[in-house]
Amino acid sequence: METSVSVIDKPGTAAAVASPCAAAKGRPREFCVDAALAAALRVFWTKGYEGASLTDLTDAMGITRPSLYAAFGNKESLFNKALDLYEEEKLAYTRAALDAPTARGVAERFLRGGLANQTCADEPKGCLGVISAVACGAEAESIRAAVVERRRSAHRALVDRFARAKMEGDLPDHVDVEGLTSYLIAIMQGMAVQASSGASCTELARLIETSMAVWPSA
């Protein structure tokens, strides 16, 4: 459900015009928090954390800086909320991949889901986490740390799933599940970097086909 807050928006902005709640004359206009956050996500996804200026963000969100601070806190807080939204909406394929009946199916769903997310025609190219982690300098170390921690959680979920597959005989006994997981994530990160550099879906799909061709079978 969309939520809104009562703050002063820029006159004539999309947020002010499209507000679901008409403000009484003389009262602050309302803007949709969900829509503003989605707009901020696109900016961060396109430019990374450091590349996204407050002007970029407020222009895209259709609000003033005081409104941004009132609704979301500072830039770092806004980024973390955008990252939450990104994981919830754009990375749902990672959770679905874990439900595949075989380890190979988990890997293929994971990679193909990532490819679809990174090359979607209606969204920025690449991966928000990879873009932000790579582009962050020392002054944004807390952002890099937050991104790395979220990545570590995804890594652990894949390790646990492959360890189960190994116990069930779905993966050979000699397979190092930590190494296998790191390999998959490295492929995913490589695709993200190439996607943000303009590589096509067809080109990146070859990486998945090659990865599946060398997948260890029991």
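The crossing of helices α7 and α10 is right-handed, meaning that the near helix is turned clockwise from the far one by less than a right angle. This is a predicted model, in which local features need pLDDT of at least 70, side-chain atom pairs count only at pLDDT 80 or more, and totals for chains, interfaces and linings use all residues. Residues are numbered from 1 along each chain as its sequence is written, and side-chain values use heavy atoms, without hydrogens and water.

**The α7–α10 pair**
- Helix α7 spans residues 103-119 and helix α10 residues 177-196.
- Their axes (lines fitted to C-alpha atoms over the stretch in contact, with angles from 0 to 180 degrees between N-to-C directions) come within 10 Å and cross at roughly 15°.
- The two helices are therefore roughly parallel, a label for angles under 35 degrees.
- In contact (heavy atoms within 4.5 Å) are residues including Phe 110 and Leu 111 of α7 and Leu 184 and Met 188 of α10.
- The residues of this contact comprise eleven nonpolar, three polar and no charged. Ala, Val, Leu, Ile, Met, Phe, Trp, Tyr, Cys and Pro count as nonpolar, Asp, Glu, Lys and Arg as charged, and the others, Gly among them, as polar.

- Beyond its neighbours within four places in sequence, Phe 162 touches Leu 184 and Trp 215, among others.

**Overall**
- Buried residues (under 20% relative accessible area, 1.4 Å probe, protein chains only) make up 43% of the 218 residues.

Technical notes:
Helix = DSSP H or I, 4+ residues; strand = E, 2+ residues; numbered from the N terminus. Parallel < 35°, antiparallel > 145°, perpendicular 65-115°, else oblique. Buried < 20%, exposed > 50% of the residue type's maximum accessible area, 1.4 Å probe, protein only.
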